[in-house]
Amino acid sequence: MEHTMGLYDEYVESIIERKKKVEVRLNDEKRRKIKIGDTIKFIKIPNQNEVIRVVVLELKSYPTFQAMYEDVPFSDFDCEEWTMEEMIKGTFDIYSVEQEQAWGALAIGIKLI
């Protein structure tokens with residue numbers, strides 16, 4: 001099955017460069033449909049002028065984004081220079097605390113195809 005998601009420019013480039021190995025998402029109803037072996041079509045945003053596809057290698061759910069960041073090396077997100085504070089702030093620039101509490105977090109292990 002193929003899933004479609006938007007992804008900011010810098011993260012698309014990081015996947016293309018094979019630096020980003022894990023995508024961060026809410027573990028919401030849409031993401032709970034993802035299975036290992038599925039593909040994800042990422043549409044580069046905001047311009048929507050590029051598409052890449054990845055295969056899902058691994059799925060790990062967590063109660064919070066912080067729990068995820070404590071478990072998964074920052075290098076897998078291509079964020080090895082970031083602090084925990086920066087990781088959390090960057091995540092909450094996209095998702096709300098209420099969304100995290102409702103759904104939890106999902107680490108999606110990916111590989112460019």
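How many of the residues of β2 are buried?

Author: Quick ground rules: this is a predicted model, so local features need pLDDT of at least 70 and side-chain atom pairs count only at pLDDT 80 or more, while totals for chains, interfaces and linings use all residues. Residues are numbered from 1 along each chain as its sequence is written, and side-chain values use heavy atoms, with hydrogens and water left out.

Now your strand. In β2, 5 of the 5 residues are buried, so the strand is largely enclosed by the rest of the structure. Buried here means under 20% relative accessible area, exposed means over 50%, and partly exposed is in between, with a 1.4 Å probe and protein chains only. Side chains in a regular strand alternate between the two faces of the sheet. Both faces of β2 are covered: Val22, Val24 and Leu26 are buried on one side, and Glu23 and Arg25 are buried on the other.

Who sits alongside? β2 pairs with β5 over 5 bridges, in the antiparallel sense, where pairing takes at least two DSSP bridges between two strands. Val22, for instance, stands opposite Gly109 in β5. β5 also runs antiparallel to β4, with 8 bridges joining them; there Tyr62 has Ala105 in β5 as its bridge partner. Moving on from β4, you reach β3 through another 5 antiparallel bridges, with Ile43 standing opposite Val51. β3 and β4 make a hairpin with 5 residues between them, and Gln48 in the turn has a positive phi of about 55 degrees.

Thr39 is found in β3, and at 19% relative accessibility this threonine counts as buried. Skipping neighbours within four places in sequence, Thr39 is in contact (heavy atoms within 4.5 Å) with Met1, Glu2, His3, Val54, Val55 and Ile113.

The largest nonpolar core has 16 residues, and Phe65, Met68, Tyr69, Val72 and Phe77 have the most contacts inside it. Such a core is a set of buried Ala, Val, Leu, Ile, Met, Phe, Trp, Tyr and Cys residues joined through side-chain atoms within 4.5 Å. β2, α2, α3 and β5 each supply at least two residues of this core. Apart from it lies another core of 14 residues, among them Met5, Val12, Ile34 and Ile40. Met68 ties several of these pieces together: leaving aside neighbours within four places in sequence, Met68 is in contact with Val24, Tyr62, Phe77, Ala105, Leu106 and Ala107.

Stepping back, the protein has 4 helices and 5 strands, which are DSSP runs numbered from the N terminus (helices H or I, at least four residues; strands E, at least two). From the N terminus on, the order is β-α-β-β-β-α-α-α-β. Buried residues make up 41% of the 113. Among contacts between residues at least 6 apart in sequence, 71% join residues at least 24 apart. The C-alpha atoms fill a box of roughly 30 × 30 × 25 Å along the principal axes.
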